[in-house]
Amino acid sequence: MKEFCESVCDAVVIGAGHAGAEAALALARTGLSTVLMTLNLDSIGFMPCNPSVGGTAKGHLVREIDALGGQMGVTADECALQVRMLNAGKGAAVQSLRAQVDKNKYHRRMKAVLEHTENLRIVQAEAAEILTEKGDGPLPHVVGVKTTYGGIFSCRAVIVATGVYLNSDTITGELVTESGPNGFQNATRLTKSLIELGFSVRRFKTGTPARLDGRTVDYSLLERQEGEDVYPFSFMHAHAPKAQTPCFLAYTNERTHELILSNLDRAPLYNGQISSTGPRYCPSIETKVVRFRDKERHQLFLEPEGADTTEVYVQGLSTSLPHDLQKEMYRTVKGLEHCEIVRYAYAIEYDCIDTLDVLPTLEFKKAEGLYTAGQINGTSGYEEAAAQGLIAGLNASLKLRGKPPLILRRDQAYIGVLIDDLVTKGTDEPYRMMTSRAEYRLSLRQDNADMRLTELGRICGLVNTRRYRKFKERKALREQTLALLSTRADTKTADALVQKHGFPPLTAGVSYADLIRRGISIRELLTAFPSLVISSGVSEANAVEKSHLAHPLRGGCHGKAVTEGVSSPTSVTDVSAVEKSLPLSALPYDILLSAETEIKYEGYLKASEKEMEKAKKMEEKPLPPDIDYAKIEGLRLEAREKLNRVRPLNLGQAERISGVSPADVSVLMIYLSLKK
């Protein structure tokens with residue numbers, strides 16, 4: 001194949017799924033010329049599995065992506081068919097937004113956003129090789145990407161976001177097809193290049209349920225599940241979509257389970273046809289039935305794929321059984337007795353890498369300028385992929401602009417937890433984000449994601465002036481709300497309210513915050529005190545600019561500021577300061593919820609802050625990159641091996657490595673003190 005110069009740019013992103021889209025936008029929006037390479041333009045932002053965004057802990061990721069200036073939350077709001085709050089009956093820390101979205105509209109909208117982004121070119125091509133050169137340093141550095149047609153894209157950074165397309169096989173019963181999800185072409189050349197660069201490659205597996213013709217489903221026999229009036233994913237939007245398309249609940253039964261158990265010899269997962277590792281937290285129906293034989297039924301969710309299609313997704317009934325058994329199995333479910341399958345279910349096996357070969361910036365340890373993001377890193381889910389894509393793209397941009405990297409700590413964001421888990425602990429199965437993985441989840445809530453991260457996104461150059469202005473307005477409203485709630489409430493009304501909740505009559509005045517601490521919700525408070533108002537408007541606009549420029553990049557490797565070269569939000573100073581009264585009930589609900597939570601859990605949050613400060617001090621103790629852990633006396637053999645494998649950046653990361661004990665960390669602390 002004759003080689004030719006296709007293009008010269010700053011960065012190339014390989015793959016245009018959820019990781020690739022966020023990576024490309026992060027690069028282009030921060031001023032770098034970017035090429036987004038995809039096997040098929042029709043797969044941009046495609047949802048090969050669930051037609052949804054968010055979910056337990058995943059909703060947190062989407063809001064954090066949005067707070068940093070990413071796109072997923074904005075597009076999800078624009079394409080939502082139904083929105084719900086999962087775990088609504090539990091504490092605010094574990095509540096998670098989830099939206100059913102129109103999958104075709106999401107693809108079209110994300111494609112349009114990419115197409116109309118300055119500095120970004122989209123090209124349909126297959127990457128065959130990542131080109132590197134030996135430079136002045138010890139590591140080779142990226143110089144380009146070569147396509148299967150011989151085209152050379154010369155660049156200084158590459159983000160590999162190939163999803164499940166690398167050497168992928170789709171499996172249904174006895175039939176194995178070399179293809180990507182949904183029948184899309186797979187990528188067959190790039191794995192060889194990755195191995196030659198030094199990546200450790202392994203095989204993972206995932207799967208997807210069948211899609212049914214909704215006209216053949218008897219919804220009258222199913223349990224209807226309506227949407228809810230909750231807040232949106234994006235902080236740029238005032239309200240969640242009002243139009244709500246219902247979903248439906250169904251259940252497997254004894255007949256379903258008998259059919260599966262009597263045909264395990266034809267199930268690829270149990271007859272040896274599939275040997276790769278699948279997702280623990282989204283198993284196939286075969287796995288659920290075998291693993292939980294005592295369960296009489298398993299819950300299923302029938303979810304619309306879009307507003308302009310009759311296709312229905314059956315969440316919870318993922319399978320790789322042959323087509324004849326699939327049809328029989330689906331028809332055992334009440335309400336699906338006469339269903340017709342539009343797209344049959346399948347499993348998919350694909351190549352991915354060992355993330356212990358990756359730095360917390362998501363840059364490859366053995367080649368400068370080469371980043372990975374998404375399912376190639378062994379994760380599952382659109383949200384995990386998008387979060388990694390944004391961080392990989394942003395860090396590539398920062399590096400090319402000569403700025404310190406953005407490394408989010410575990411106490412700063414769920415994104416920080418996700419990436420730290422991947423690069424410190426690694427994963428032997430498709431990784432899924434969960435609230436239980438976050439030590440500081442009470443502080444890492446959905447409602448305060450912008451308060452935690454938007455300043456950082458602004459400093460990195462990704463948060464534009466419009467979004468930053470919106471953030472400052474929200475922050476001011478939140479602070480005014482907290483101030484108002486600390487004032488004294490009308491004693492007569494307050495007394496009636498506390499007695500209604502079973503408390504004894506008041507003997508002294510109380511504040512609105514005191515009432516919240518007694519278990520009275522913010523909604524009930526606003527009903528009892530409808531006259532509560534705050535002043536709204538933009539004031540001291542010059543201070544907005546100053547606070548932006550003075551803010552340090554707290555998550556950077558060395559805690560340095562990255563203010564140089566970031567454009568000042570001068571247009572903010574042109575905004576007039578207009579003060580007016582605003583009823584507290586008119587505020588966005590997530591602001592009210594944030595204030596309520598801060599008051600209700602004030603003691604717990606203060607205790608958590610102390611723990612976070614201790615952890616932060618460990619993160620601030622860097623470990624020299626050239627340490628030979630094998631030569632440090634006092635370290636156990638396992639610790640030496642693990643430390644040499646991971647090469648942690650600091651003591652905080654070292655103590656989180658599986659196999660490194662507190663005693664080993666103490667040895668490292670002594671070693672560092674002696675080296676001074």
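This is a predicted model: local features need pLDDT of at least 70, side-chain atom pairs count only at pLDDT 80 or more; totals for chains, interfaces and linings use all residues.
Residues are numbered from 1 along each chain as its sequence is written, and side-chain values use heavy atoms, with hydrogens and water left out.

R647 sits in the loop between helix 19 (637-646) and helix 20 (651-655), where helices (H or I, at least four residues) and strands (E, at least two) are DSSP runs numbered from the N terminus. The phi of R647 is near 55°, a positive value in a residue other than glycine. A positive phi, near 60°, is also found at N182, which belongs to the loop between strand 13 (175-177) and helix 5 (190-197) and is partly exposed, with a relative accessible area of 30%.

Strand 6 (residues 96-101) is largely enclosed by the rest of the structure, because six of its six residues are buried. On one side these are S96, R98 and Q100, and on the other L97, A99 and V101. Strand pairing requires at least two DSSP bridges between two strands; strand 4 (residues 52-54) is joined to strand 6 in antiparallel fashion by three bridges, with V53 partnering A99, while strand 5 (residues 80-86) pairs with strand 6 over six bridges, likewise antiparallel, and Q82 has Q100 as its bridge partner.

Key. Buried means under 20% relative accessible area, exposed over 50%, partly exposed in between (1.4 Å probe, protein chains only).
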